[in-house]
Amino acid sequence: QVQLVESGGGLVQAGGSLKLSCAASGSIFSIYAMGWYRQAPEKQRELVARVTSSGSTNYEDSVKGRFTISRDNAKNTVYLQMNSLKPEDTAVYYCYISTVVTMPRPAYWGQGTQVTVSS
């Protein structure tokens, strides 16, 4: 049983920062990437950032230069440092893992953590 436990969401003013964490546990084999999606009300879920097992990173255009994804392979933990937050970053953020079998599609999801940015 694989579990992804997220933390770090909350309410912040525009221009502020938050750091999300996601710790994975259980029998996880052949991880291809870990990352974050987000879903705002009445919008589709979108990929925010991901980091592959080789350390390669990708970001959604609107967060480039503001968000930084990092990963601790020894702890199976992925982080998302979010700076210069904007009201349009408000969403539920979901951690995920994709494997070499499922890539690029997620194989496992976290429960989601709410990020609210006030103007």
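**Reading aromatic rings in a predicted model**

User: Where does the charged end of Arg-45 sit?

Analyst: The charged end of Arg-45 lies over the ring of Trp-109, 4.6 Å from its centre. A charge sits over a ring if NZ of Lys or CZ of Arg is within 6 Å of the ring centre and within 35 degrees of the ring normal. Likewise, the charged end of Lys-19 sits over the ring of Tyr-79, 4.8 Å from its centre. This is a predicted model, in which local features need pLDDT of at least 70, side-chain atom pairs count only at pLDDT 80 or more, and totals for chains, interfaces and linings use all residues. Residues are numbered from 1 along each chain as its sequence is written, and side-chain values use heavy atoms, with hydrogens and water left out.

User: How is a pair of aromatic rings described?

Analyst: The distance of the centres and the angle of the planes describe a pair of aromatic rings. Rings of Phe, Tyr and Trp (its six-membered ring) pair if their centres lie within 6.5 Å; planes under 30 degrees apart count as stacked, over 60 as edge-to-face and the rest as tilted. The whole structure holds four aromatic pairs. One of them, Tyr-37 with Tyr-96, is edge-to-face, at 5.2 Å centre to centre and 70° between the planes.

User: Why is the pair of Tyr-96 and Trp-109 tilted?

Analyst: The planes of Tyr-96 and Trp-109 stand at 45°, with the ring centres 6.1 Å apart, so the pair is tilted. Ring pairs join Tyr-37, Tyr-94, Tyr-96 and Trp-109 into a cluster.
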